[in-house]
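Here is a quick walk through the pockets and the aromatic residues of one protein. Have the model open as you read.

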Amino acid sequence: MPERTNAMKSNRQRRKEITEKRRDSRDRHDAERNRRSAERRAMLPEGAVAVNEVLLARANSYTVPDFVARGYYLDRPFTCRECGREEVWTATQQKWWYEVAKGDRLAVAVRCRPCRRREQARAAAARKVHQEGIAARTRS
Ligand SMILES: [Zn+2]
């Protein structure tokens, strides 16, 4: 018996074959993507935390931060701008800042925790004085 050619197959049969082929290809792509991200995770150096680019704040510049280029956060040692203390901005804290707080992707920690607190309090006090000044001027 001769093999059925495409022309002899019913439309329904052909549609079924196309759908199956598409599904196979999609499954293969998903498997490939999962394999690659598992591979990337396995290759992360000690203490590294993977970047989820989708969660980053929108870029305001074409500059690509090092953690985006690399694909993971690493603990960042820095010297506090106020008191000169040696501090570490941890990979986990960076992930929170960039992906949860949606911080600017080019901003980095420059103050230790106590100095940051003091700076926040100072800025809040300055804002209050400024607003009171505006209120006083509006009253008179
Ligand atoms: Zn400090």
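How much space lies in the largest pocket? About 460 Å³.

## Ground rules

This is a predicted model, where local features need pLDDT of at least 70 and side-chain atom pairs count only at pLDDT 80 or more, while totals for chains, interfaces and linings use all residues. Residues are numbered from 1 along each chain as its sequence is written, and side-chain values use heavy atoms, with hydrogens and water left out.

## The largest pocket

The roughly 460 Å³ here is the space filled by probe spheres set on grid points, which are joined across faces, edges and corners. On a 1 Å grid over the protein atoms alone, a pocket is an open set of points where a 1.4 Å probe fits, with protein on both sides within 12 Å along at least five of seven lines; lining residues have an atom within 4 Å of a point.

For this pocket, 17 residues make up the lining, and W89, W97, A109, R111 and R116 are the closest to its centre. Strand 4 (86-89), helix 3 (91-100) and helix 4 (113-139) each give two or more residues (helices are DSSP runs of H or I with at least four residues, strands are E runs of at least two, both numbered from the N terminus). Helix 4 gives the most, with four residues.

By class, the lining splits into 10 nonpolar, two polar and five charged residues (Ala, Val, Leu, Ile, Met, Phe, Trp, Tyr, Cys and Pro are nonpolar, Asp, Glu, Lys and Arg charged, and the others, Gly among them, polar).

## The second largest pocket

This one holds about 340 Å³. Its lining has 15 residues, with R40, A50, V51, G71 and Y72 the closest to the centre. Helix 1 (11-43) and helix 2 (66-70) each give two or more of them, and helix 1 has the largest share, four residues. The class count is eight nonpolar, three polar and four charged.

Where does the second largest pocket lie? It lies between domain 1 (8-43) and domain 2 (44-139), because both give residues to its lining; the bounds come from an automatic or database domain assignment.

## Aromatic residues

There are four aromatic pairs in the structure. In one, the ring centres of W89 and Y98 are 5.6 Å apart with planes at 55°, so the pair is tilted (Phe, Tyr and six-membered Trp rings pair if their centres lie within 6.5 Å; planes under 30 degrees apart are stacked, over 60 edge-to-face, the rest tilted).

W89 is buried at 10% relative accessible area, and Y98 is buried at 1% (buried means under 20%, with a 1.4 Å probe and protein chains only). Together with F67 and Y73, W89 and Y98 form one aromatic cluster.

Note on methods
Buried means under 20% relative accessible area, exposed over 50%, partly exposed in between (1.4 Å probe, protein chains only).
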